[in-house]
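Have the viewer open and follow along.

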Amino acid sequence: MDFRPLNDDERKNLYEALRNNAESGKPIHVNPKDTSFVSGTVESAEQDVINAIRSVPCHYKL
């Protein structure tokens, strides 16, 4: 993986997310498609939650 410094918008979003987390306990949201930091709140679609649960490997041996 190549190192790429954050651009101004990415840096602003990260600082805002960290500040909101430290001061108000708000979660830090990350865009699942490109792992960028998202400012504000993110509404998680039901299908996104289902896909996240399905992605966890579960192996049961009877």
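## Confidence and layout

First things first: this is a predicted model. The protein chain averages a pLDDT of 79, and 82% of its residues reach 70 or more.

As for the fold, the protein chain has two helices and two strands, and along the sequence they come in the pattern α-β-β-α. Of its 62 residues, 5% count as buried. The chain exposes about 6,000 Å², with carbon and sulfur atoms supplying 54% of that area.

Let's look at α1 in some detail. This helix has 17 residues, and its first and last C-alpha atoms are 24 Å apart. That is close to the 24 Å expected at 1.5 Å a residue.

Which residues of α1 are buried? Asn-13, Leu-14 and Ala-17 are. They sit on the same side of α1, because they cover an arc of only 100 degrees around the axis. Turn to the other side of α1 and you find Asp-8, Lys-12, Ala-22 and Glu-23, which are exposed.

## Two salt bridges

Side chains of opposite charge can pair when their charged atoms come close. The structure holds two such salt bridges.

One of them joins the side chains of Asp-8 and Arg-11, at 3.2 Å from N to O. Why are these two separated by about one helical turn? Because Asp-8 and Arg-11 are three residues apart in helix α1. Their accessibility is worth a look too: Asp-8 has 62% relative accessibility, so it counts as exposed, whereas Arg-11 has 31%, so Arg-11 is partly exposed.

In the other salt bridge, the side chain of Arg-4 meets that of Glu-10, at 3.3 Å from N to O.

Next, follow the chain into the loop between α1 and β1, where Pro-27 is found. Is Pro-27 buried or exposed? Pro-27 has 54% relative accessibility, and the cut-off for exposed is over 50%, so this proline counts as exposed.

Where does Pro-27 lie relative to Ala-17? Their C-alpha atoms are separated by 7.7 Å, and the two residues are 10 apart along the chain. Ala-17, recall, is one of the buried residues of α1.

## A nonpolar patch

Finally, there's a nonpolar patch on the surface. Tyr-15, Leu-18, Ile-28 and Val-30 form it, and together these four have about 350 Å² of accessible area.

Val-30 lies in strand β1 (residues 29-30). How accessible is Val-30, and what does it count as? Its relative accessibility is 40%, which lies between the 20% and 50% cut-offs, so Val-30 counts as partly exposed.

Key. Residues numbered from 1 in each chain as written. Predicted model: local features only at pLDDT ≥ 70, side-chain atom pairs only at ≥ 80, totals over all residues. Heavy atoms only, no water. pLDDT = per-residue confidence, 0-100. Patch = residues over 30% accessible without salt bridge, like charges linked within 9 Å, V, L, I, M, F, W, Y side chains within 5 Å. Areas by Shrake-Rupley, 256 points an atom, 1.4 Å probe, with all protein chains shown as cover. Helix = DSSP H or I, 4+ residues; strand = E, 2+ residues; numbered from the N terminus. Buried < 20%, exposed > 50% of the residue type's maximum accessible area, 1.4 Å probe, protein only. Expected span 1.5 Å × (residues − 1). Arc of directions from axis to C-beta.
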